[in-house]
Amino acid sequence: MNKLILGAFYDNVNNNVGPTLMWVFFFLLIIEFLYVCFKYLNSNDKK
């Protein structure tokens, strides 16, 4: 029974939750990168 539960948990993470979390964090990383780029490229602090 323990192997069945662990196998089902592994399949759930491997097939459903894992790729979803990967795509969510991937898009958040892109948004953060663009935000930082625009913030520092459009700054008016010319030294």
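Phe 9, Val 13, Val 17, Leu 21, Val 24, Phe 25, Leu 28 and Ile 31 together form a nonpolar surface patch with about 750 Å² of accessible area. Members of such a patch have over 30% relative accessible area and no salt bridge; nonpolar side chains (Val, Leu, Ile, Met, Phe, Trp, Tyr) are joined within 5 Å, and like charges within 9 Å. A salt bridge is a side-chain nitrogen of Lys or Arg within 4 Å of a carboxyl oxygen of Asp or Glu. Accessible areas come from the Shrake-Rupley method with a 1.4 Å probe, and for residues only the protein chains shown count as cover.

The model is predicted: local features need pLDDT of at least 70, side-chain atom pairs count only at pLDDT 80 or more, and totals for chains, interfaces and linings use all residues. Residues are numbered from 1 along each chain as its sequence is written, and side-chain values use heavy atoms, with hydrogens and water left out.

**Overall form**

The protein has one helix and zero strands. Both are DSSP runs numbered from the N terminus: helices are H or I with at least four residues, strands are E with at least two. The C-alpha atoms fill a box of roughly 65 × 15 × 5 Å along the principal axes.

**Exposure**

Buried residues make up 0% of the 47 residues in the protein. Buried means under 20% relative accessible area, exposed over 50%, and partly exposed in between (1.4 Å probe, protein chains only). The protein exposes about 4,900 Å², of which carbon and sulfur atoms supply 71%.

| Residue | Relative accessible area | Class |
|---|---|---|
| Phe 9 | 55% | exposed |
| Leu 21 | 44% | partly exposed |
| Trp 23 | 45% | partly exposed |
| Phe 25 | 55% | exposed |

**Distances and aromatic rings**

Leu 21 and Glu 32 are 11 residues apart in sequence, and their C-alpha atoms are 16 Å apart. Phe 25 and Asp 11, 14 residues apart along the chain, have C-alpha atoms separated by 20 Å. Trp 23, which lies in helix 1 (residues 2-41), is 20 residues from Ser 43 in sequence and 30 Å from Ser 43 in space, C-alpha to C-alpha.

Trp 23 also belongs to one aromatic cluster with Phe 26 and Phe 27. The structure holds three aromatic pairs. Rings of Phe, Tyr and Trp (its six-membered ring) pair if their centres lie within 6.5 Å; planes under 30 degrees apart count as stacked, over 60 as edge-to-face and the rest as tilted.
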